[in-house]
Amino acid sequence: MPHTDGPAYHPLTSTLSLGSHTVLCLRSPPAHLAAPGTSAPSEVQSVDILLPPRSLVLLSGELYSTWLHGIQPLKGDSLPSLRGCANWDGWWQFQLAAAAAAAGEDDGEAARQEVRKARELVEAGKGWERGKRVSLTCRRPRGKVRTGLL
């Protein structure tokens, strides 16, 4: 369900995503939810971001305070959905560079070829199935924090 984290927290949240990949959906607020005195776009803007395993995402500023964010409870992501993620191609480019760096000069091309094959397998199929995912979200409360709760 798309939501904001509300005014109770400092306008920054960090989320470490472990286990399976997922897709974070970001949406500008519709006009009826826009803050008073602001001009909301007539059409809702949207950005989907692939969160691969072991990824860290930071939300701050207007993206944190105004835009809605959420993760749809899906069993998998279709190929068109994955390709629509703003960072889909960039993530594969990073995988190529990381594989080559880890393999060293002698085996760099072979490692990049493995990444290319992995991408071809994903893109030749019907998408990616989501597995179990655990996320750790850190937020800083705004104002005073009550002590003695534990």
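Q: What makes two residues of this predicted model count as a contact?
A: A contact means heavy atoms within 4.5 Å. On that criterion, residues 24 or more positions apart account for 82% of the protein's contacts with a separation of 6 or more. Residues are numbered from 1 along each chain as its sequence is written, and side-chain values use heavy atoms, without hydrogens and water. As the model is predicted, local features need pLDDT of at least 70 and side-chain atom pairs count only at pLDDT 80 or more, whereas totals for chains, interfaces and linings use all residues.

Q: What makes β1 and β8 a pair?
A: Strands are DSSP runs (E, at least two residues) numbered from the N terminus, and two of them pair if DSSP finds at least two bridges between them. Strand β1 (residues 9-19) and strand β8 (residues 133-141) have 8 bridges in the antiparallel sense, so they are a pair. Within β8, L136 is the bridge partner of L16, and V134 is that of L18.

Q: What makes a residue count as buried, and what share of the protein does?
A: Buried means under 20% relative accessible area (1.4 Å probe, protein chains only); 28% of the 150 residues count as such.

Terms used
Helices (H or I, at least four residues) and strands (E, at least two) are DSSP runs, numbered from the N terminus. Buried means under 20% relative accessible area, exposed over 50%, partly exposed in between (1.4 Å probe, protein chains only).
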